[in-house]
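Q: I have just opened this model and would like to learn how to read it. Could you take me through a few features, one at a time?

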Amino acid sequence: MGAPSTGRPMRADARRNYERIVETAREAFAEHGPEAPLDDIARRAGVGAGTLYRHFPNREALVEAVYRSSIETLCRRAGELRETLPTADALEQWMREQVAWVMDKRSLATTLKALIDPESETFTLCRTMITDAAAELLKPAQEAGIIRADIEPRDLLRFGHGIGVACEKTPEVADRLLAVTFDGLRVAGR
């Protein structure tokens with residue numbers, strides 16, 4: 001998870017505090033919504049309120065950091081899967097993880113996104129990162145002739161999001177819908 005760039009590197013203890021605050025905030029927001037008391041988040045993270053406010057001058061900054069961290073984790077998985085699995089398997093596994101992420105984090109992500117200005121640097125960065133992650137897996141599959149050439153990275157995100165939303169209350173249906181989606185994405189006979 002990346003801390004925002006301030007032009008100078010963050011000390012190791014400051015980075016640990018930052019990461020612990022973001023992770024604790026993610027848990028608190030999941031439990032109590034984005035209005036979870038910041039002082040409680042600081043206490044649960046094992047830092048003082050001053051440390052929390054030094055990193056996050058307001059609630060919106062913390063909300064943005066939690067959202068960005070969540071997207072960074074999903075994007076990082078694209079690279080890991082591309083390095084460890086065959087092309088088609090990497091793409092399918094990442095889409096499965098995207099669907100699971102949507103089903104697991106959708107209510108929190110929707111709430112957090114609602115608090116972030118859609119024109120903000122964070123929202124723009126997250127949209128770019130997730131699109132780039134999808135492209136990182138899609139392009140090699142298309143070059144190998146496995147996935148149709150007319151599919152775009154945003155299409156993968158739309159499919160994954162749609163399946164995740166549709167299966168929130170019936171997660172057992174997700175695998176079947178993903179299988180149908182993969183069949184439709186593949187070049188005929190592949």
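Q: Which helix gives the most to the lining of the largest cavity?
A: Happy to start there, and keep in mind that this is a predicted model. To read a lining, look at which elements its residues come from. Here H5 gives the most, with three residues. Helix H5 (87-115) and helix H8 (174-185) each supply at least two residues of that lining.

Q: Which residues line the largest cavity?
A: The lining is made up of Ala-88, Leu-91, Glu-92, Ile-146, Ile-147, Phe-182, Leu-185 and Arg-186.

Q: How many cavities of 30 Å³ or more does a search of the whole structure find?
A: The search finds two of them. The largest cavity holds about 50 Å³ of space.

Q: Which residues of H8 are buried, and where do they lie around its axis?
A: Here is the general idea: an α-helix has 3.6 residues a turn, so residues three or four places apart point the same way. In H8, the buried residues are Ala-174, Leu-178, Thr-181, Phe-182 and Leu-185. Viewed down the axis of H8, these buried residues fall within an arc of 100 degrees, so they line one face of the helix. Turned away from that buried side is a face with the exposed residues Arg-176, Val-180 and Asp-183.

Q: How many helices and strands are there in the chain?
A: Stepping back to the whole chain, you can count eight helices and zero strands. The C-alpha trace spans about 60 × 40 × 30 Å along its principal axes. Of the 190 residues in the chain, 42% count as buried.

Q: What share of the contacts with a separation of 6 or more joins residues 24 or more positions apart?
A: This kind of share tells you about contacts between positions set apart along the sequence. In this chain it is 67%.

Q: Let us end with one residue. Is Glu-121 buried or exposed?
A: A residue counts as exposed when its relative accessible area is over 50%. Glu-121 has a relative accessible area of 70%, so it is exposed. Glu-121 is found in helix H6 (residues 121-143). Its C-alpha atom is separated by 16 Å from that of Arg-59, 62 residues apart along the chain.

Notes:
Residues are numbered from 1 along each chain as its sequence is written. This is a predicted model: local features need pLDDT of at least 70, side-chain atom pairs count only at pLDDT 80 or more; totals for chains, interfaces and linings use all residues. Side-chain values use heavy atoms; hydrogens and water are left out. On a 1 Å grid over the protein atoms alone, a cavity is a set of points where a 1.4 Å probe fits but cannot get out, and a pocket is an open set with protein on both sides within 12 Å along at least five of seven lines; lining residues have an atom within 4 Å of a point. Grid points are joined across faces, edges and corners, and a volume is the space filled by probe spheres set on the points. Helices (H or I, at least four residues) and strands (E, at least two) are DSSP runs, numbered from the N terminus. Buried means under 20% relative accessible area, exposed over 50%, partly exposed in between (1.4 Å probe, protein chains only). The arc is that of the directions from the helix axis to the C-beta atoms. Contact means heavy atoms within 4.5 Å.
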